[in-house]
Amino acid sequence: MSRMVTRREFLGLTGVGIGGLALGGCGVLSGGERRGLPSPARATGTGRIREYAFEAAPTDFEIAGRKFSTWGYDGGVPGPEIRLTEGDTLRVLLKNGLPDDTTIHWHGLPIVNEMDGVPDVTQPPIKSGDDFTYEFVVPTAGTYMYHSHVGLQLDRGLYGPLIVEPKREGLSYDREYTLMLDDWLDEASGTPEDTLEELRSSGGMMGGMGGGMMGGSGGDPAMSGAVDYPYYLISGRVAEDPSTFVVKRGEKIRLRLMNPSADTVFRFAAAGHRLTVTHADGIPVKPVEVDTVRIGMGERYDVMIEAGNPGVWQLAAVPEGKDGLARAILRYGESSEESPPLTDLRPRELEGKLLSYADLRDAEDRSFPGDGLLSGPDRTHEVSLSGDMGSYAWQIDGQRYPDADPLEVRDGEWVRITMRNRSMMWHPMHLHGHFFQVRNGTMSGPFKDTALVEPHMGELTFDFVADNPGDWFFHCHNAYHMETGMARVVSYAR
Ligand code: C2O
Ligand code: CU
């Protein structure tokens, strides 16, 4: 079954690359008219250049009146919003004002390899005091993020939203808000580096949680992460001092939910409202209505809310398996009520219908041609995800990056990766440079770039087309897991 398909054959077969992966419901190639998922090679630029200049530097960050010093972009947490249109060229001059090396990764965007921002894989790290210009054509619309890719810097304030508008918006809505869900400890309880030390010396158990490999002491042993954070934030604000998002009755509101946190899976719900999920990791899905969504580190969902229930409501993000909560307020303009009191924090929607990957279908029903009938992947990598809690070392197939073999692929191949989780923690696995299609029991699962592999022998399989040559990082988006070895390089054979 492992017939090699060259890129040429593959594209010939499918019309226009991934876009042409679409098959009609009755197995007929649907032709090239569908919009695909562009790769850098195919991205047609608008010729418009959007320029930004950021400094990564130590900065003060205030949480409910308490001042902390952290590292951020241009003095804010989150960093400044980047917003442009697909096909635009993004040019960012990054000044490194940190006392440490840094880089920026454009999370989720399949761009050219040398701009991907992974230290020692796609570029040498940017030294303290130096600068570097990132420049690339932004190939696809959607909700993305940017963040530092050096060490544990993600668990400071070095992240921000990156929003790419489509050339033509297919969705109709009246307003949009961006919600970045974060776990915060920097300076509030040591630095991320202190935290890693503590994880190492405590065998992965922190903050009194029966963490790591051991599972909890009763209750749901599915652990979002091992670190109990003093604060959980929505777009830089704690529950006591929330952001307020104003809406009007009758409006359609688009929420861009992103999880740039280091060690926390969040469950999000809007009291008094249902959520219609329209995009997963930036890519349109068939709209599906749920009460609550679970968002792993690195994942994004766009959800629509119909503002048909006037009042003042909680938007709540609870850290799975941990205490605490992040919230924002949804306020109807005409409402003069106070914010809901802090005592009523957990909207019952959190216990309602939870989105699962099995609910998600690609909006355009794209699937791999002949999938399961005529053909299968050209190459399959099966790996286990595990941890050694004695030394707090996380592994892919028993190997710890950087002492780990690359996962080899060839240009043009249909590649499958299957992951088996031999630990009790979630692992949000992220592939750089490509969208993959989650195998969720249908032929047209969602295209994503990050997918949660469930604890307790959870299994997840995804497929992608190797259409973006280079060395690409593939890793767990738990910053502590990545830092202690849960990473590989997906490498194109030459
Ligand atoms: Cu968002 Cu390799 O990361
Ligand atoms: Cu992990």
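How many residues of S24 are buried? Five of the five are, so S24 is largely enclosed by the rest of the structure. Buried here means under 20% relative accessible area, with exposed over 50% and partly exposed in between (1.4 Å probe, protein chains only).

Before you start clicking: this is a predicted model, where local features need pLDDT of at least 70 and side-chain atom pairs count only at pLDDT 80 or more, while totals for chains, interfaces and linings use all residues. Residues are numbered from 1 along each chain as its sequence is written, chains are lettered from A and ligands numbered from 1 in the order in which they are written, and side-chain values use heavy atoms, with hydrogens and water left out.

**Stop 1: strand S24**

Select residues 427-431, which make up S24. Strands (E, at least two residues) and helices (H or I, at least four) are DSSP runs, numbered from the N terminus.

**Stop 2: the copper ion**

Pick ligand 2. This copper ion is held by His427 (ND1), Cys476 (SG) and His481 (ND1), at 2.0 to 2.1 Å. Donors are N, O and S atoms within 2.8 Å of the metal (3.2 Å for Na, K and Ca); water is not among the atoms, so sites may look incomplete. Along the chain, the donors follow the spacing H-x48-C-x4-H. His427 belongs to S24 and His481 to helix H3 (residues 479-483), so this pair ties together parts that are 54 residues apart in sequence. Both histidines are buried: His427 has a relative accessible area of 0%, and so does His481.

**Stop 3**

Next, select His432, in the loop between S24 and strand S25 (436-438). His432 is buried too, at 1%. Its side chain makes polar contacts with the side chains of Asp116 (2.6 Å) and His475 (3.3 Å).

**Stop 4: the nonpolar cores**

In soluble globular proteins, nonpolar side chains tend to be buried together. A nonpolar core is a set of buried Ala, Val, Leu, Ile, Met, Phe, Trp, Tyr and Cys residues joined through side-chain atoms within 4.5 Å. The largest one here has 76 residues, and Leu179, Phe268 and Phe474 are among those touching the most other members. Color strand S19 (residues 326-332) as well: with four residues, S19 gives the most to this core.

Finish with the second, separate core of 29 residues, including Ile82, Tyr144, Phe435 and Phe447.

Definitions and conventions:
A polar contact is a pair of N or O atoms within 3.5 Å; within protein, one must be able to donate a hydrogen and the other to accept it, and residues adjacent in sequence count only if both atoms are side-chain atoms.
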